[in-house]
Amino acid sequence: MKRFTQQTTFMGTVTDVQADAGIFRIQCRSGDEILVSAGKETRFEFMQNLDGLNYDRIPNPAGFAGQSSQLVAKYILPGRTLVLQGIYLEDGEKCRFDARVVKLLQATDGKFLFEKSHW
């Protein structure tokens with residue numbers, strides 16, 4: 001198969017961040033590394049409890065305009081575990097993942113949100 005497109009979900013740990021380009025890499029438990037591209041349509045969401053409250057406590061940096069590169073710089077840190085929903089594309093030897101939803105599972109201190117006392 002020369003070309004392949006699939007809507008899918010990945011979970012992994014961030015291994016590399018290139019915020020200025022709006023891309024980062026995750027490593028899945030299987031050892032596979034996925035190149036992830038964040039675009040204008042990408043939403044960054046924190047895991048929520050049943051109350052549905054938004055637990056985003058990361059302040060916006062100075063000059064923040066919500067561009068994809070700024071969102072990657074704000075939310076994506078090496079070593080963090082993420083759940084990604086989006087479109088996986090392969091074209092010959094090239095492959096990439098266009099993220100539509102990035103689920104952030106950890107707070108700013110690195111603890112998983114379900115380990116926090118507000119649950």
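The following exercises, each with a worked solution, concern the predicted model shown above.

Residues are numbered from 1 along each chain as its sequence is written. In this predicted model, local features need pLDDT of at least 70 and side-chain atom pairs count only at pLDDT 80 or more, while totals for chains, interfaces and linings use all residues; side-chain values use heavy atoms, with hydrogens and water left out.

**Exercise 1. Strand pairing**

Determine how strand S3 is joined to S2 and to S5.

Solution. Begin with the terms: helices (H or I, at least four residues) and strands (E, at least two) are DSSP runs, numbered from the N terminus. Two strands pair if DSSP finds at least two bridges between them.

Step 1. Strand S2 covers residues 23-27 and S3 covers residues 33-46; five bridges join them, and they run antiparallel. Within this pairing, Arg25 stands opposite Leu35.

Step 2. The two strands S2 and S3 form a hairpin, with five residues between them. In the turn, Gly31 has a positive phi of about 100°.

Step 3. Strand S5 (residues 94-104) is joined to S3 by seven bridges, and this pair runs parallel. Here Arg43 stands opposite Val101.

**Exercise 2. The buried side of helix H1**

Identify the buried residues of H1 and state where they lie around the axis.

Solution. Step 1. Helix H1 spans residues 68-75, and its buried residues are Leu71, Val72, Lys74 and Tyr75.

Step 1. These residues cover an arc of only 165° around the axis, which puts them on the same side of H1. The arc is that of the directions from the helix axis to the C-beta atoms.

Step 2. What covers them includes strand S1 (3-18), S2, S3 and S5.

**Exercise 3. Aromatic pairs**

Classify the ring pairs that Tyr75 forms with Phe44 and with Phe46.

Solution. Rings of Phe, Tyr and Trp (its six-membered ring) pair if their centres lie within 6.5 Å; planes under 30 degrees apart count as stacked, over 60 as edge-to-face and the rest as tilted.

Step 1. The structure holds four aromatic pairs. In one of them, the ring centres of Phe44 and Tyr75 are 5.4 Å apart and the planes stand at 15°, so this pair is stacked.

Step 2. Because Phe44 lies in strand S3 and Tyr75 in helix H1, the pair ties together parts that are 31 residues apart in sequence. Phe44 and Tyr75 are both buried.

Step 3. Phe46 and Tyr75 form an edge-to-face pair, with 6.1 Å centre to centre and 70° between the planes. This pair links distant parts of the chain, with Phe46 in strand S3 and Tyr75 in helix H1, 29 residues apart. Phe46 is buried, as is Tyr75.

Step 4. Ring pairs also link Phe10, Tyr88 and Phe97 into a cluster.

How values were computed
Buried means under 20% relative accessible area, exposed over 50%, partly exposed in between (1.4 Å probe, protein chains only). Contact means heavy atoms within 4.5 Å.
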